[in-house]
Amino acid sequence: MNIQNSERKAYFIGGGIGSLAGAAFLIRDGGVTGNNITIYESLPVLGGSLDAGGNPEDGYTLRGSRMLTLNIYECTWALFNTIPSLTDPNTSVYEETVEFNERIKSNAKARLIDKNRAIVDSSKLGLTMATRAELLKLSEASEEKLGNSSIYDWFSPSFFESNFWFMWRTSFAFSPWHSAVEFKRYLHRFMQEFPNVETMTGVRRTVYNQYDSMILPLEVWLKSHGVKFMKSTTVTDLDTEYILDPVLMKEKVVVKNLVFENEGKHKTITINDGDLVFYQNGSMTDASSYGSMTSAPKCYTKEDSQGWTIWEKLANKYLGFGNPAVFNSNISQSFWESFTVTLKDTAFFDQMEQFSGNKAGTGSQVTLKDSNWFMSFSLNQQPHYKDQPSDVQVFFTYGLHPDRVGNFVGKPMTECSGEEILRELAGHLKFDYDVVFANAICIPCRMPYITSMFMPRLKTDRPLPVPKNSKNLAFISQFVEIPYDVVFTVEYSVRAAQMAVYELLKIDLEIPPINKFDKSVKVELETVMKAFH
């Protein structure tokens with residue numbers, strides 16, 4: 001049966017950047033009619049891990065903040081070069097972002113701060129001949145040899161006390177127990193950033209937070225093409241079976257029905273021949289919970305959210321559909337906590353500018369290297385939200401070790417209210433809490449799976465965007481296998497979506513290739529020189 005793309009229907013499970021990008025690729029490159037595309041999202045807002053919320057009165061919320069670069073993120077920028085900005089319809093989101101970063105340039109002057117509140121000379125990476133050799137050995141090892149080993153397996157203890165490790169891990173959120181394969185991929189994918197690791201001059205930001213600057217323009221564009229959004233709607237099951245592909249004469253997995261829940265009612269959608277289903281398997285922000293100035297976030301797990309259930313069912317049923325247990329079975333190694341601070345005066349920003357030498361938006365990231373919680377924060381160009389009043393400032397912070405007792409607050413970060421977290425931060429910076437945070441609202445967020453995609457794994461633990469035995473089902477998330485690319489990036493989700501759409505629709509267009517800066521002699525030379533500094 002020859003089905004025209006314009007007649008196909010497509011269903012996306014999850015409203016994150018991968019699904020939104022996938023819908024855009026279907027329309028832009030596949031000729032699928034927007035009215036035939038439906039996106040289901042459990043939350044009342046789209047964006048997945050790039051969502052944002054709150055208000056100046058009660059405090060803004062931001063589960064995560066993404067650092068971007070313009071010389072990679074190839075699929076992302078190629079997509080957003082075709083999506084109009086919300087402030088100027090004649091300018092693309094990509095062009096708007098480039099123009100913004102030409103005005104606001106990153107050049108961190110206080111990348112690391114020690115326990116004495118001294119700015120560390122982080123241009124000195126602190127690597128020894130032995131640790132340089134270890135770094136080279138890991139970077140040159142094949143992924144087959146690395147297997148499911150951890151970063152810790154490849155380095156001596158002194159490496160984890162080096163300035164390089166402090167900066168590299170907080171730039172990308174690695175911990176020693178994470179995957180050596182993912183660490184190697186980052187070393188290669190971001191090698192061009194290695195010589196500037198302490199200044200972060202290669203970092204680019206969006207005009208506002210990523211929800212306002214990327215998700216909203218994409219949502220508006222999709223709406224203009226008739227895409228339907230089913231928010232506050234949870235897909236609870238996929239009815240699948242094997243059928244014989246008459247062309248290949250092989251059995252293929254086919255989704256026959258999609259079951260979802262909305263307003264307490266269960267409904268079933270029949271997936272007809274030629275229709276497509278795209279599933280965001282797994283989520284790094286699954287089971288998230290928020291606290292307040294007076295309370296700590298609740299400790300949720302996948303039993304509370306049921307966010308991994310469909311993938312677990314599919315993986316148990318079919319070969320090639322991955323192994324979610326590798327990623328969701330050890331919360332103690334995959335969780336950390338972030339917090340968003342809303343300020344009603346400029347005292348904190350003023351004191352940080354004076355202390356660091358960086359105006360907001362130019363300092364990129366500050367890491368308190370001796371913090372028990374291993375806290376890092378960044379002060380973005382203000383406003384950081386489209387609706388943010390001129391007399392309000394917002395910044396985002398996170399701790400990679402929230403299970404440890406604070407240096408100034410005598411309990412773990414996970415048990416702390418927003419006020420207690422701010423007191424810990426003020427203690428490290430030797431700022432007067434009653435001066436800098438007198439008019440502050442801090443909303444902490446616990447994320448049990450935020451680095452779950454970094455867990456040590458084998459290649460087979462992640463499905464391909466379109467498994468070889470799938471006919472109409474694709475996976476688009478941080479938990480699929482894309483050779484050479486790196487998870488925990490917007491690019492990974494967008495690239496997975498483009499690969500899935502092009503393969504299922506057999507689109508004969510080139511997907512933007514991954515830039516191999518690690519093959520540049522200039523980059524390699526600069527990296528070696530930096531490693532010996």
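Guide: Residues are numbered from 1 along each chain as its sequence is written, and side-chain values use heavy atoms, without hydrogens and water. In this predicted model, local features need pLDDT of at least 70 and side-chain atom pairs pLDDT 80 or more, while totals for chains, interfaces and linings use all residues.

Visitor: What makes a space here a cavity?

Guide: On a 1 Å grid over the protein atoms alone, a cavity is a set of points where a 1.4 Å probe fits but cannot get out. The whole structure has 7 cavities of 30 Å³ or more.

Visitor: How much space lies in the largest cavity?

Guide: About 500 Å³. Volume here means the space filled by probe spheres set on the points, which are joined across faces, edges and corners.

Visitor: Why are residues such as S65 and F172 called lining residues?

Guide: Because a lining residue has an atom within 4 Å of a cavity point. The largest cavity has 33 of them, and S65, M67, T170, S171 and F172 are the closest to its centre.

Visitor: Which element gives the largest share of that lining?

Guide: α6, with 4 residues. Helices (H or I, at least four residues) and strands (E, at least two) are DSSP runs, numbered from the N terminus. α6 spans 163–172.

Visitor: What about the second largest cavity?

Guide: About 110 Å³ of space lies there. Its lining has 16 residues, with S356, N358, G363, V366 and L379 closest to the centre. α12 gives the most, 3 residues.

Key:
1 Å grid on protein atoms, 1.4 Å probe; cavity = no way out; pocket = protein on both sides within 12 Å on 5 of 7 lines; lining within 4 Å.
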